[in-house]
Each structure stands twice: as structure tokens, then as C-alpha cells.
Amino acid sequence: MQKSLDGRTVLVTGANGGLGEQFIIQALERGAAKVYAAARSPRRWDDARVHPLALDITDRVAVADAVATAADVDLLINNAGIAPANDSISGPEDELRRIFDTNFFGTLRSANAFAPVLASHGGGTILNILSAAARLPLSTGYAVSKAAMWSATNSLRFQLQGQKTQVVGLLVGMVDTPMSSRWEVPKVSAASVVTQAYDGIAEGSLEILADEAARDLKSMLNMKGEEFYPMLHEQFASFKP
Ligand SMILES: NC(=O)c1ccc[n+]([C@@H]2O[C@H](COP(=O)([O-])OP(=O)(O)OC[C@H]3O[C@@H](n4cnc5c(N)ncnc54)[C@H](OP(=O)(O)O)[C@@H]3O)[C@@H](O)[C@H]2O)c1
């Protein structure tokens with residue numbers, strides 16, 4: 001049975017993307033009172049409860065404006081992210097900064113900016129969309145930015161515990177969205193990820209592992225490093241960013 005979002009006011013960043021659209025659709029299905037669909041280029045939605053909002057999370061002024069407009073939010077979904085092709089931790093450095101500006105600083109900025117709004121509504125919830133890549137030794141800025149944001153998510157939970165904000169991290173491997181279209185590998189559906197996310201939030205989860213890849217990686221964390229990392233290196237030897 002689906003868990004309800006009755007009466008909640010939700011804001012989704014990156015709302016035009018594969019997961020973003022599902023976050024909007026399922027919020028409506030679960031009875032959310034109001035949903036801000038935040039996107040760099042807002043689109044029309046056929047439901048009066050959806051309020052399109054212009055938001056580039058790398059733009060400080062735009063984030064401040066979004067907070068002023070959406071001062072009734074009690075569930076913030078930090079979903080926006082980028083995974084550029086040919087990404088490498090060897091650089092170029094400007095590209096690594098661009099990835100961090102979105103996946104790390106943009107996400108953190110949005111969480112920090114909305115924290116007082118959430119506090120004023122009893123604490124509320126922040127859901128950060130991370131990635132199983134956060135636990136993988138992939139040599140990409142994407143994986144490293146998601147690992148940094150995984151750490152920041154856990155720190156935010158500690159930072160915001162006094163205001164009773166539920167801070168949730170979601171890790172998942174490959175999801176069938178435009179972002180992953182260049183990889184021909186098994187993928188889970190965006191709908192299944194979002195279903196687990198909303199159920200997890202309702203159940204008070206702090207970490208949501210939304211596919212086998214994420215769950216397997218977590219279960220292997222007590223392996224010796226000398227076994228764990230060479231095993232993953234072999235498994236991902238042919239991975240092309
Ligand atoms: N797909 C996967 O396999 C997978 C796996 C693990 C985690 N994730 C994570 O899931 C989240 C959603 O990704 P997706 O798979 O749904 O990919 P997607 O379809 O490419 O959607 C990503 C969305 O983020 C938006 N975005 C990018 N930079 C932004 C910025 N600076 N400000 C605001 N919005 C921005 C994009 O906006 P535009 O429409 O304007 O380009 C796009 O709508 C991301 O955080 C991604 O890292 C994805």
C-alpha cells in the first residue's frame with residue numbers, strides 16, 4: 001500500500017528530468033497539497049496543485065528567490081544533478097568544478113537555504129538524491145561529487161537534528177532516465193525508485209537503498225579493503241563515463 005503525502009508541500013529540483021517528473025507525478029498521486037516543480041526551464045503541468053518554479057541550483061540569487069516564493073515547503077527533494085560524458089578525476093579542473101557546483105554545492109546550498117523554511121513547518125524533510133557511485137571507486141568527478149554529498153547529507157542530519165528535520169540520502173545504481181541513456185546496462189525504473197523514496201520518507205528512513213546494486217554495496221562494507229577494492233576495480237574495468 002502506498003504511503004500518503006497528505007497535506008504536504010513538496011519542492012522537487014530538476015523536475016523536468018526522468019526522476020524529477022516521477023517525483024512530481026507520485027507526489028500528486030499520494031495526496032500532496034502543493035508541489036513546486038523547480039527546473040531551469042519550467043514547463044506546464046496539468047494539475048492546479050503543481051507550481052512551476054524557475055530554479056538553477058548553481059545560482060545563489062535564484063535559490064534565495066525560490067525560498068522566498070516557496071516559503072511553505074515541508075519536503076525538499078534535491079534531485080537535480082549532472083553526469084557529463086567523458087568525465088574524469090584527471091580533469092580538466094573546470095569540468096570537475098562544474099560537476100561539484102551542481103551535484104555538491106548546488107545541492108548543499110538548496111538544503112541550507114530551505115532549512116529555516118523547514119524548521120518553521122515543524123522540521124520537515126530533505127531528501128538528497130545521491131548514487132551508488134558514491135561507494136564505487138569510479139574515476140569520475142560524478143562519483144566523487146556524490147560521495148562528498150553523501151557525507152554532507154549525514155552531516156546535515158546531525159546539523160539539523162535540533163530543528164527535527166528528517167534528512168534522507170537515497171542511493172541507487174542505474175535508473176532508466178535520460179541521464180543514463182548512453183549506457184546499455186540493466187536499469188531500474190524511475191517509478192520504482194520514487195515509490196521507495198516516498199515510502200521511506202513516510203516510514204522515517206534515513207537512508208534509502210533503491211536497487212540491488214546499492215543494497216549489495218552496503219552489505220559488502222565490512223569486507224577487507226584488500227578484497228573489496230580490487231574486486232570492484234575488476235568489475236568496473238570496462239566502465240566508460
Ligand atoms: N539515472 C541514473 O542512472 C541515476 C543513478 C543514480 C543517481 N541519479 C541521480 O538522480 C538525479 C536525477 O537524475 P535523472 O536520472 O532523472 O537525470 P535527468 O533526466 O538528466 O535529470 C536531471 C535533471 O537535473 C536538472 N539539472 C541539472 N543541472 C541543474 C541545475 N544546475 N539546476 C537545476 N536543475 C538542474 C536537469 O535540468 P535540465 O532539464 O534543465 O537539463 C534535469 O532535469 C540526479 O541527481 C542523478 O545524479 C541518477
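Modeller: The model is predicted: local features need pLDDT of at least 70, side-chain atom pairs count only at pLDDT 80 or more, and totals for chains, interfaces and linings use all residues. Residues are numbered from 1 along each chain as its sequence is written.

Colleague: Which helix gives the most to the shell around the ligand?

Modeller: Helices are DSSP runs (H or I, at least four residues), as are strands (E, at least two), numbered from the N terminus. At least two shell residues each come from α3 (93-119) and α1 (18-29). With 3 residues, the most is given by α1.

Colleague: Is Val188 buried, exposed or partly exposed?

Modeller: Val188 sits in the loop between β6 (166-171) and α5 (190-202). A residue is buried if 20 or more other C-beta atoms, placed from the backbone, lie within 10 Å of its own, exposed if 12 or fewer, and partly exposed in between. Because Val188 has 18 other C-beta atoms within 10 Å, Val188 is partly exposed.

Colleague: What distance separates the C-alpha atoms of Val188 and Arg98?

Modeller: Val188 and Arg98 are 90 residues apart along the chain. Their C-alpha atoms are separated by 27 Å.
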